[in-house]
Amino acid sequence: MADDKEREGTELVVAEFHKKIKDAFEVFDHEANNTVDVREIGTIIRSLGCCPSEGELHDLILEVEEEEPTGYIRFEKFLPVMTKVLLEKRYRPIPEDILLRAFEVLDPSKRGFLTKEELIKYMTEEGEPFSQEEMEEMLSAAIDPESNSIRYKDYIAMMVVDDG
Amino acid sequence: MSTHDLEDMGCGTSSSTKDRKSEKALKAALVIQNWYRGYSARLKARQRYALTIFQSIEYADEQGQLQLSNFFSFMLENYTQIHKKDPELVARLFGSTLQDYKDRQDYVSRIDVPDSYHGPRLQFPLTFTDIDLLVEAFKQQQILHAHYVLEVLFETKKVLKQMPNFTHVKTSPSKELTICGDLHGKLDDLFLIFYKNGLPSGSNTYIFNGDFVDRGKHSIEILMILFVSFLVYPNDLHLNRGNHEDFMMNLRYGFTKEILHKYKIHGKKILQILEDVYTWLPIGTIIDNEILVIHGGISESTDLNLLHRIERNKMKSVLMSPIPLDEDHDNDLKKNKINTTIIPREVKTNGSLSEQLTKHEWEQVIDILWSDPRGKRGCYPNTSRGGGCYFGPDITSKVLNKYQLKMLIRSHECKPEGYEICHDGKVVTVFSASNYYEEGSNRGAYIKLCSGMNLRFFQYQVTKATCLRPLYQRVNTIESSAIRILKERMISRKTDLIRAFQLQDRSKSGKLPMGQWAFSMENILGLNLPWRSLSPHLVTIDKNGNINYMSSFEDIHIQKPVKEAQSTLIETLYRYRSDLQIIFNVIDSDHSGLISMEEFRAMWKLFNSHYSIHIDDFQIDDLAERMDLNKDGSIDFNEFLKAFYVVHKLDNVNKSDSKLA
C-alpha cells in the first residue's frame, strides 16, 4: 500500500515535471514544431532552476543531440533527460554564502571590493572564461559607478533578491 | 571537480602555496561564473516569457477584430431591422466610403498657413531639401501644418494611383536595397535607421513593408516622411500596405486618436483623405523576379496573377468584407439569421457590385496582409489573429516554386532580435520597431541586399537613457509590464474564471492543484502561455504547491463607475471596451465625441445579440443615466468608456518603493 502511494506520488511529481519542462521548452520553440535551437538549451535548463557548469552543459547537450547534430534539439529527446536531471536534483544552484566566499577568496586582503580590472582578469582568464558579452553584461550591473569597483556583498544581495 | 568545495584542497601531494592559491582562485572563479550564467539565463528566460505574454495578448486582441468584422457584416445583413428604427444609422456607419470631398485645389488652398507658424514649410514640387527639412523639424518635435499634410496626401494618392499592385525592382552589384519592417509610429527607430543607413535617395533605395502607423506616438510624422520621400523618389522608395494601413484598425490602435489630437480643426479631413490613400498603397514588391516582399504572408491558395490584376483600391478595410449583392444575394438569404429581406439597392455601403472586390479577391488580400509562417506543415486559419492563415514550410515551397521565386521577405510579427529566418531560409521576417512592447523588449532590424541574394541584417535598439540600463532592470520593466496586462486580462474574465475554479474545488477550500489551475486559466483566457512558470507572479502558492486561486484578484479590480452597478456588467463592458470604442467612433462620423441616446441604445442592442452577452438593455440605459453622461440626449462615449479602467492596488505602493531601480 505504501509502495503504491509512493509510486503514485512519484508519478504525480513526474507528470508535473513534464509539464514544467514542456512550458519552458515551448517558450523557445519559435516555429512551434517541438524543436529549439541548440544554443538556447543552456538557457532552458537554467531557467528550470539547474546550474550546470559549461562542461556539464556540454555533456548534457551531447545526450540530447541527434546522432548527426542538426543544430536543433527535439523535445522527445530533451524530455526524458531533463526529467531525470530534475528527479535526481542534479546541478543544484550555488547557495549565497558559498558565492560570497568565492568573492572573498578573490579579495584576500579583505577590502570588501574587487577592482574592475581584477574582476575582468579572473572572469575572462580563469575557470570557464566569460565571453566579452558576458563580461560586459556582468559589469553593467555589478560596477558601483562612484568607486568604479565591485562591492561584492552589495552586488550579491541585490542579485539574490531579484532572482526569482 | 565539484565547484562547491572551496575548502577541498586536493589530495595533499606537496603543492606550493602559490599553486594552492591559484587553485583556490580557479575554483572561486568557477563558482562565480557558474552562478552568473545561471542567473543570466534565468533573466533571459523571464524576458522570453514576458514577450510571449505580450504577443499572445496582442494576437488575441487582433482576434477581436474578426469578431468585430463579423459584427459589421451581421449588422449589414440585418439592415432592414435597424433601418426601421434608425435609417440614418447604418447609412452613416458605412457611408464613410462615399466621401465626396471637394476638389483638392478648392480645399487645400483655402487652408491658410499663418505667419505665426514656425514649423516646416514644404515647397511643391518637392525635392530632397524637403525630406531633410521634415526630418530636422520632427527631431525638434514640430508639427507639420495641416495644409501641407493634406497637400502631401493628395499628391501621394495621385502618384500611387499610377503604381501597379506589385512594384518590380531590380538590384545591381552597385546598388543595394534596404528593406524595413513594421515601424508602428516609432519615429526614433526611423531616425536611427536613417542615421545608420542614410536618407532615401536615387542611390539609396528603400522598401518599407507596411504597418507604418498605430501604437506609437508619431505615426503621422512617419507617414509624412515616407510619403514626401516617395514623392521625391517614386522609383526608389517603395511602400507596401500593411494590415494597419486601414482606417478601421486606426480607430482602435491609436492613429485616429493621434490625428484628432494633433489636428483639431482639420483632423477629420485628414482622416478622410487618408482612408483613400491607404487603398492605393501597393500590395507588395518583387525583387529581381526572385524575392517577394509583402507584409504578412501567404496561403496555399495565394494567386499572384490574380493579385496583380485586382483593383486594389476597392479593399477599404479588413473589417468590411464584401457583402453579397444581387446574384450572391439569393443564396445568402437562406443564411440570414433573422428572417428579413435584404434590399440591396438601398444599401449604399460598399456600393454596387462594381465597387467591391469579390469575396475571393478580398480573402486573397487578407491572406497577404495577415498570415504568419509556422513550423507545422499545411495551411490553417490564423486563429490567434482571426484573419489570414498559418502557413507551413511546404506551403512556402509550393507557392514560391509555382511563381519561380526563391524567397519571401515579410514583417507583421515582432521578433526579439528584430528579424528571424525560417522555413529553411526561404522565409525572412524583418521588424523595425525596437522596444515594441516595452522598453527593452526587442531589437529592431533592417535588411540590405543586392543581386546574388546575400542578405545582410542590421540590428539596433533605441534607448531613452543615455546609457543602457543593466539587463536585469530592463527585464524587470518588461516583466512587470507583461504581468500587469495579463492581470488586466484576468480581471476582465473574473467571473468566468472563478466559476471554473470553483467547479473543480469540490471541498471549497479556495485551493487548487497547479495542473487544474493552469488548465482553467488556459481554457478561459484562451491564451497559450507557460502558466506554471508564470504562477508565482499571478497567485500565491501554499507550501504544498497548491494555488490559492482567489489571490490573483486581491490587488486588482475594475473601478466601478457607479457603486450599484453589477460586477458582471462592469466586467463585460471592460472586456469589450476596445470594440465599443471602434463602433462608437464609426457612428460618430463628425468626430464630435457624442452620439445620440437612440444610437447608443440601437448599437448596444445589436452588440448584445451578436456577441451573445446576457445583459439587459435597461441595465445599460440605467448605467448611462447614473453616470450622468447624458448631455441633451447625447452620450459622451469617451467619458463612458474611460470610466471602466482597472485599478492596480499596488500602484501607489510601487511608486514609493525604490526596489532595485
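Trainee: Are B:R410 and B:D372 buried or exposed?

Mentor: Both B:R410 and B:D372 are buried. Keep in mind that this is a predicted model.

Trainee: What joins B:R410 and B:D372?

Mentor: Start with the general idea. Side chains of opposite charge can pair when their charged atoms come close. Here B:R410 and B:D372 form a salt bridge, with 2.8 Å between the closest N and O atoms. The pair links distant parts of the chain, 38 residues apart. B:R410 is in strand 10 (residues 407-410) of chain B, and B:D372 is in strand 7 (residues 372-373) of chain B.

Trainee: Which salt bridge involves B:R443?

Mentor: B:R443 meets B:E417, at 2.7 Å from N to O. B:R443 counts as partly exposed, at 33% relative accessibility. B:E417 is also partly exposed, at 36%.

Trainee: Which residues do salt bridges with shared partners join into one network?

Mentor: The network holds B:D372, B:R374, B:R410, B:E413, B:K415 and B:E420.

Trainee: How many salt bridges are found over all chains?

Mentor: The search of the whole structure gives 32. One in chain A joins the side chains of A:E118 and A:R111, at 2.8 Å from N to O. A:E118 is partly exposed, at 26% relative accessibility. A:R111 is partly exposed too, at 33%.

Trainee: Now rings. How many aromatic pairs are there over all chains?

Mentor: The count is 19 aromatic pairs. Read each pair by the distance between ring centres and the angle between planes. Take B:F194 and B:Y206: their centres are 5.7 Å apart and their planes stand at 85°, so the pair is edge-to-face. B:F194 lies in helix 7 (residues 187-197) of chain B and B:Y206 in strand 3 (residues 205-208) of chain B, so the pair ties together parts 12 residues apart in sequence. B:F194 and B:Y206 are both buried.

Trainee: Which aromatic pair is stacked, 5.2 Å centre to centre?

Mentor: That is B:Y446 with B:F458, with 10° between the planes. B:Y446 lies in strand 13 (residues 444-449) of chain B and B:F458 in strand 14 (residues 455-460) of chain B, so this pair also ties together parts that are 12 residues apart in sequence. B:Y446 is buried, with a relative accessible area of 1%. B:F458 is partly exposed, at 23%.

Trainee: Which residues do ring pairs link into a cluster?

Mentor: A:F130, A:Y155, B:W35, B:Y36 and B:Y39.

Trainee: What sits over the ring of B:Y380?

Mentor: The charged end of B:K376, 4.6 Å from the ring centre. In chain A, A:K121 lies over the face of A:Y122, at 5.0 Å from the ring centre.

Trainee: Last, a helix. How do I read which way its residues point?

Mentor: An α-helix has 3.6 residues a turn, so residues three or four places apart point the same way. Now look at helix 4 (residues 75-87) of chain A. Its 13 residues reach 18 Å from first C-alpha to last, close to the 18 Å expected at 1.5 Å a residue. Buried residues in helix 4 of chain A include A:F75, A:F78, A:L79, A:M82 and A:L86.

Trainee: Which residue with positive phi follows helix 4 of chain A?

Mentor: A:K89, with phi near 55°.

Methods: Residues are numbered from 1 along each chain as its sequence is written. Chains are lettered from A and ligands numbered from 1 in the order in which they are written. This is a predicted model: local features need pLDDT of at least 70, side-chain atom pairs count only at pLDDT 80 or more; totals for chains, interfaces and linings use all residues. Side-chain values use heavy atoms; hydrogens and water are left out. Rings of Phe, Tyr and Trp (its six-membered ring) pair if their centres lie within 6.5 Å; planes under 30 degrees apart count as stacked, over 60 as edge-to-face and the rest as tilted. Helices (H or I, at least four residues) and strands (E, at least two) are DSSP runs, numbered from the N terminus. Buried means under 20% relative accessible area, exposed over 50%, partly exposed in between (1.4 Å probe, protein chains only). A charge sits over a ring if NZ of Lys or CZ of Arg is within 6 Å of the ring centre and within 35 degrees of the ring normal. The expected span of a helix is 1.5 Å times one less than its number of residues. A salt bridge is a side-chain nitrogen of Lys or Arg within 4 Å of a carboxyl oxygen of Asp or Glu.
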